[in-house]
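Biologist: I would like to go through this structure and ask what stands behind the words used for it.

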Amino acid sequence: MSAALSKRNVLVTGGAGYIGSHTCKALAAAGWVPVTFDNLSLGHRWAMKWGPLVEGELLDTAAVTAALRAHEVSAVVHFAASAYVGDSMRDPAFYYRNNLLTTLSLMEAMQAASVPVLLFSSSCAVYGDPVRLPIDENHPTVPLSPYGQTKLDCENAIRWYGQAYGLRWAALRYFNAAGADPDGQLGEVHDPETRLVPRAIMAVLGQGPALQVFGNDYPTADGTAIRDYIHVSDLADAHVRALEYLMQGGASTVCNLGTGAGFSVMEVIEAVTAQAGVDVPYHLAARREGDPSEVVADARRSAALIGWMPRHSSLGSIVRTAFTWHRDLKPGR
Ligand SMILES: NC(=O)c1ccc[n+]([C@@H]2O[C@H](COP(=O)([O-])OP(=O)(O)OC[C@H]3O[C@@H](n4cnc5c(N)ncnc54)[C@H](O)[C@@H]3O)[C@@H](O)[C@H]2O)c1
């Protein structure tokens with residue numbers, strides 16, 4: 001492969017997962033060759049449509065180094081992680097291992113293979129309970145779970161590696177990813193499924209139990225918690241833009257990815273009901289510990305720095321694409 005071509009090879013850890021696979025599609029459309037590195041613990045072989053799969057374990061630094069060298073990779077997009085807040089409360093050791101140690105292993109491999117650019121999947125979970133809304137990148141970071149803490153610890157490690165070793169990086173703090181590829185080629189399959197939009201859709205389609213609504217006594221208009229839902233294809237587009245930004249010499253940065261608009265659990269239920277033409281079965285349950293009443297992003301930095309604007313993230317578009325995926329397209333539905 002020529003040196004010019006090799007510059008467009010990017011290693012995507014977790015590329016067989018939900019956000020990673022949508023990003024592989026967007027990267028391929030932008031002329032990149034996405035090389036997925038994934039242990040398939042949670043990812044799917046059927047989602048591998050836009051580039052090769054290297055099946056491997058991120059803690060295996062030598063295997064990651066070999067993949068970076070063999071594919072002449074010039075940048076890494078790092079999605080692979082464990083991402084269940086509740087699980088992380090029960091088993092922090094696993095989260096420190098699979099989120100923090102994997103990221104240290106990856107950066108060691110990048111140093112060994114002289115790969116200078118890293119995009120990191122961070123999360124609004126680094127902020128903890130909002131002290132002001134919307135949440136900008138300078139909001140205090142006080143994570144409420146080992147999951148959020150490991151994401152923040154990764155960001156800090158990446159920053160120090162950047163300073164010492166010249167790594168250029170962007171940490172993208174996603175709010176709530178939702179929706180499915182508008183072309184119907186990809187979508188969300190998590191087992192167990194814990195996120196609101198797919199759970200509401202699966203409940204109405206009879207693919208899962210009735211939805212549990214955790215708390216209706218929050219200080220919001222209808223009493224249910226408000227979140228900022230961002231379409232997975234908009235997240236994918238942001239990664240392509242952030243990658244081009246860094247490849248063109250852009251300074252390392254932390255950026256929020258959200259819409260700035262919040263929707264309550266009841267508003268999501270109403271949108272799914274409208275889409276399905278049938279009521280979503282749900283029942284009320286107690287609040288979950290550590291769930292803030294409202295989490296909404298200020299994503300103006302992403303707009304200014306990488307020219308990113310969400311295009312698919314209206315609640316209607318999120319619900320429509322996800323509903324079609326779960327009803328008609330999802331493997332094993
Ligand atoms: N889904 C969201 O709403 C959301 C919000 C904020 C941040 N994030 C972050 O985005 C990233 C992707 O999330 P997702 O929802 O696509 O998750 P996912 O579980 O669908 O994908 C994760 C992928 O990583 C792989 N993986 C996990 N551990 C690995 C290891 N040790 N070695 C190799 N591969 C490994 C899994 O097999 C899977 O394919 C995660 O880092 C998550 O923390 C997600």
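**Terms and the values behind them**

Modeller: One example to begin with: Asp 87 and Arg 90 both lie in helix α4 (residues 85-90), 3 residues apart, about one turn of the helix. Helices (H or I, at least four residues) and strands (E, at least two) are DSSP runs, numbered from the N terminus. The model is a predicted one, in which local features need pLDDT of at least 70 and side-chain atom pairs count only at pLDDT 80 or more, while totals for chains, interfaces and linings use all residues. Residues are numbered from 1 along each chain as its sequence is written, and side-chain values use heavy atoms, with hydrogens and water left out.

Biologist: What makes the meeting of Asp 87 and Arg 90 a salt bridge?

Modeller: A salt bridge is a side-chain nitrogen of Lys or Arg within 4 Å of a carboxyl oxygen of Asp or Glu. For Asp 87 and Arg 90 the N to O distance is 2.8 Å, so the pair meets the definition.

Biologist: Why is Asp 87 called partly exposed, and why is Arg 90 called exposed?

Modeller: Buried means under 20% relative accessible area, exposed over 50%, and partly exposed in between (1.4 Å probe, protein chains only). Asp 87 has 34% relative accessibility, so it counts as partly exposed. Arg 90 has a relative accessible area of 65% and is therefore exposed.

Biologist: How many salt bridges does a search of the whole structure find?

Modeller: The search finds 15 salt bridges. One of them joins Lys 25 and Asp 181, whose closest N and O atoms are 3.0 Å apart. This pair links distant parts of the chain, with Lys 25 in helix α2 (residues 18-29) and Asp 181 in the loop between β7 (176-178) and α7 (196-204), 156 residues apart.

Biologist: Which residues does Asp 181 touch?

Modeller: Contact means heavy atoms within 4.5 Å. Not counting residues up to four places away in sequence, Asp 181 touches His 22, Lys 25, Leu 186 and Ser 233.

Biologist: With which other residue do the side-chain atoms of Lys 25 meet in a salt bridge?

Modeller: Asp 183 is that partner, at 2.6 Å, N to O. Asp 183 lies in the loop between β7 and α7, and Lys 25 in helix α2, 158 residues apart. Asp 183 has a relative accessible area of 57%, so it is exposed.

Biologist: Why is Val 115 called buried?

Modeller: Val 115 is at 5% relative accessibility, so it counts as buried. Val 115 lies in the loop between α5 (92-112) and β5 (117-123). Leaving aside neighbours within four places in sequence, its contacts include Leu 68, Met 110 and Leu 167.

Biologist: What makes the protein as compact as a globular protein of its length?

Modeller: The protein has 11 helices and 14 strands. Its radius of gyration is 19 Å, close to the 20 Å that the globule rule gives for 333 residues, so it is as compact as a globular protein of that length. The radius is taken over C-alpha atoms, and the rule is 2.2 Å times the number of residues to the power 0.38. Buried residues make up 54% of the 333 residues.
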